[in-house]
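Hi everyone, thanks for making time. I'd like to walk you through one model today, so let me put it on the screen.

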Amino acid sequence: LVLLFIGGDVMSDLIITVGSVTTAVRLEKKLNAAGIVNSAVIHTHPAVNSGGCSYSVRVPYRDLYTVKEVLSDRKVKYKRLYAEDTEDGERVYRALS
């Protein structure tokens with residue numbers, strides 16, 4: 001298990017940005033099939049939205065290893081993978097890929 005610490009805090013979620021809502025739904029199904037049941041399709045936060053589709057998939061950070069396996073083994077097209085946390089009441093993101 002890999003934990004990412006920023007300012008002493010453990011990152012709580014992963015955000016996987018994708019190119020379409022259809023891809024987001026397909027990715028969520030693949031994650032569920034891989035055993036990740038706490039995933040959700042969400043609207044992409046403006047801080048990480050580089051234009052285009054405004055949907056992402058949120059996954060608990062503890063599932064990072066499985067997420068990386070699904071993204072590579074199942075050849076899922078995604079834009080970026082971010083770690084998300086809250087600092088001083090604001091969302092903060094760190095690009096992981």
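Let's begin with confidence. What you see is a predicted model, and the chain averages a pLDDT of 85, with 87% of the residues scoring at least 70. Among the elements of the chain, β5 has the highest mean pLDDT, at 95, while strand β1, residues 5-6, has the lowest, at 46. Residues 1-8 have a pLDDT below 50, although this stretch does have 15 contacts in the model beyond near neighbours in sequence. A word of care here: where pLDDT is low, the predicted coordinates should not be read in detail.

Now to the inside. Which residues of the largest nonpolar core touch the most other members? This core has 17 residues, and the ones with the most such neighbours are Leu-14, Ile-16, Leu-27, Leu-31, Val-59 and Val-67. Two or more core residues come from each of β3 (13-17), α1 (21-33), β5 (55-60), α2 (64-73) and β6 (80-87). The top contributor is α2, with four residues. A separate core of five residues lies apart from this one, and its members include Ile-15, Ile-42, Val-48 and Tyr-82.

Please look at Leu-14 for a moment.

Is Asp-13 buried or exposed? Its relative accessible area is 18%, and the cut-off for buried is under 20%, so Asp-13 counts as buried. The side chain of Asp-13 makes a polar contact, at 3.4 Å, with the side chain of Arg-58. Setting aside residues within four places in sequence, the contacts of Asp-13 also include Val-59, Tyr-82 and Glu-84.

For contrast, find Lys-77 in the loop between α2 and β6. Lys-77 is exposed, with a relative accessible area of 72%. Beyond its neighbours within four places in sequence, Lys-77 is in contact with Val-18 and Thr-23. Lys-77 and Thr-17 are 60 residues apart in sequence, yet their C-alpha atoms are 9.5 Å apart in space.

My last stop is the hairpin. β6 pairs with strand β7, residues 90-95, in the antiparallel sense over six bridges. Glu-87 stands opposite Glu-90 in β7. There are two residues between the strands of this hairpin, and Asp-88 takes a positive phi near 50°.

That's my tour, and I'm happy to go back to any part of it.

Technical notes. Residues numbered from 1 in each chain as written. Predicted model: local features only at pLDDT ≥ 70, side-chain atom pairs only at ≥ 80, totals over all residues. Heavy atoms only, no water. Core = buried A, V, L, I, M, F, W, Y, C linked by side-chain atoms within 4.5 Å. Buried < 20%, exposed > 50% of the residue type's maximum accessible area, 1.4 Å probe, protein only. Contact = heavy atoms within 4.5 Å. pLDDT = per-residue confidence, 0-100. Pairing = 2+ DSSP bridges. Polar contact = N/O pair within 3.5 Å; in protein donor to acceptor, adjacent residues only side chain to side chain.
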